[in-house]
2 protein chains.
Amino acid sequence: MQPDRAQPDLELVHLLRATAVELGLHSSRFAQQNGMHPTDVRALIALMDARRAGEETTAGRLGATLGLNSAGTTALLDRLERAGHVRRVRAASDRRKVVVEVTDGAVGLGWAFFGPLIERSVELLRGYDAHQRAAIREFLDGVREAAAEGGHTAPG
Amino acid sequence: MQPDRAQPDLELVHLLRATAVELGLHSSRFAQQNGMHPTDVRALIALMDARRAGEETTAGRLGATLGLNSAGTTALLDRLERAGHVRRVRAASDRRKVVVEVTDGAVGLGWAFFGPLIERSVELLRGYDAHQRAAIREFLDGVREAAAEGGHTAPG
DNA sequence: GGCGAATATCTTGCTCAACGAGATAATAAG
DNA sequence: CTTATTATCTCGTTGAGCAAGATATTCGCC
């Protein structure tokens, strides 16, 4: 297991890592441009993912997804609400619960920033045939699973 | 540009993002298992990358890479040195500079944790032909470049 | 060779995200 | 109606990172 084998496959693995890093930095820029912290962006993404899946997100569930304790989750929601990115709504069914709703403004902000990147990615994918897309899908899914082994943070 | 189009290409973009997130969480677990913070792991990775490329890394250069100011960089190096992951060595040519060296222990720690994931990734890649690998490489590289482009402006 | 400017790192004092512990409010069980 | 459970919030503390400035080394100039 030498660290420096000039192997084409290893180069691709490094490229995947570099891409992951660059995506993280892209999110950081979004955070900084809007006076937010990385955690705030992660929270908004988690909330939008849940919304896309048609699920309600409570404060506790969001905190668990992000790996925050209750105090941190409260502070996070305070920041996001103060900035107008989310609304706290007491659940009608169980009034202990606080359902977190993303505002339209935050959704628009996210699309304006991440939209171009997503569109560019889709455009890139159009250039490949079914065989190639299957390879991309399988490779990414395989790496994702391998990385997820040994500790699970429940997705939304 | 609706957020919820059930489009195969969009699914692949989401998969890439999910993979990037999972790789980030994998690094976080490494950090937590070794009593480190995310920044410390980023620093070690940057140092090992530089070493792989045969470059010396000074304190200032490392801080610039990570986006830390000098105070933060000093504190980071204090943590890493206290934990035995790096050594500070005054450069012989310019004794103002501090060259940061990763210890063998830290390298071993990193390989023990990230090695299996890298090997699994290489193994996955062996299953694809040149055509498919080219697609993976081009797609990842294209997304990386798109994400690296700074000029995305959010609406006011 | 000595002096001031430039460079690289470290020190000090502060801010704020996140933690632990526990309070408060609402629901569920007996 | 009383007690246990669940969901969120409050209070006090820790520590990563920042801004500003101190310290140490090198370079340019004469």
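The same surface serves both copies: 89% of the contact residues of chain A recur in chain B. Contact here means heavy atoms within 4.5 Å.

Residues are numbered from 1 along each chain as its sequence is written, chains are lettered from A and ligands numbered from 1 in the order in which they are written. As the model is predicted, local features need pLDDT of at least 70 and side-chain atom pairs count only at pLDDT 80 or more, while totals for chains, interfaces and linings use all residues; side-chain values use heavy atoms, with hydrogens and water left out.

## DNA strand D

Of the atoms of DNA strand D within 4 Å of the protein, 67% belong to sugar or phosphate. The rest belong to bases.

Three elements each supply at least two residues of the surface near DNA strand D: helix 3 (59-66) and helix 4 (70-82) of chain A, and helix 4 (70-82) of chain B. Helix 4 of chain A gives the most, with three residues. Helices (H or I, at least four residues) and strands (E, at least two) are DSSP runs, numbered from the N terminus.

By class, the surface near DNA strand D has five nonpolar, eight polar and seven charged residues. Ala, Val, Leu, Ile, Met, Phe, Trp, Tyr, Cys and Pro count as nonpolar, Asp, Glu, Lys and Arg as charged, and the others, Gly among them, as polar.

## DNA strand C

DNA strand C is surrounded by 20 residues. The closest are A:His37, A:Thr39, B:Gly60, B:Ser70 and B:Val98. The class count near DNA strand C is five nonpolar, eight polar and seven charged residues.

## Phosphate contacts

| DNA strand | Residue and part | Distance to a phosphate oxygen |
|---|---|---|
| DNA strand D | A:Val98, backbone | 2.9 Å |
| DNA strand D | B:Arg79, side chain | 3.1 Å |
| DNA strand D | B:Arg95, backbone | 3.0 Å |
| DNA strand C | A:His37, side chain | 2.8 Å |
| DNA strand C | B:Ala59, backbone | 3.3 Å |
| DNA strand C | B:Arg88, side chain | 3.0 Å |

Helix 4 of chain A, together with helix 3 (59-66) and helix 4 of chain B, are the elements that give two or more residues to the surface near DNA strand C. The largest share, three residues, comes from helix 4 of chain B.

## Salt bridges

Side chains of opposite charge can pair when their charged atoms come close. The structure holds 22 salt bridges over all chains. Each is a side-chain nitrogen of Lys or Arg within 4 Å of a carboxyl oxygen of Asp or Glu.

One of them joins A:Arg79 to A:Asp40, with the closest N and O atoms 3.0 Å apart. A:Arg79 lies in helix 4 of chain A and A:Asp40 in helix 2 (residues 38-52) of chain A, so the pair ties together parts that are 39 residues apart in sequence. A:Arg79 is partly exposed, at 30% relative accessible area. A:Asp40 is buried, at 3%. Buried means under 20% relative accessible area, exposed over 50%, and partly exposed in between (1.4 Å probe, protein chains only).

In chain A, the side chains of A:Arg96 and A:Asp94 meet at 2.7 Å, N to O. A:Arg96 is exposed at 67%, whereas A:Asp94 is buried at 17%. In chain B, B:Arg96 and B:Asp94 form a salt bridge, also with 2.7 Å between the closest N and O atoms. B:Arg96 is exposed at 69%, and B:Asp94 is buried at 18%.

A:Asp9, B:Arg126 and B:Arg133 are linked in a network of salt bridges.

Definitions and conventions
Near = heavy atom within 4 Å. Polar contact = N/O pair within 3.5 Å; in protein donor to acceptor, adjacent residues only side chain to side chain.
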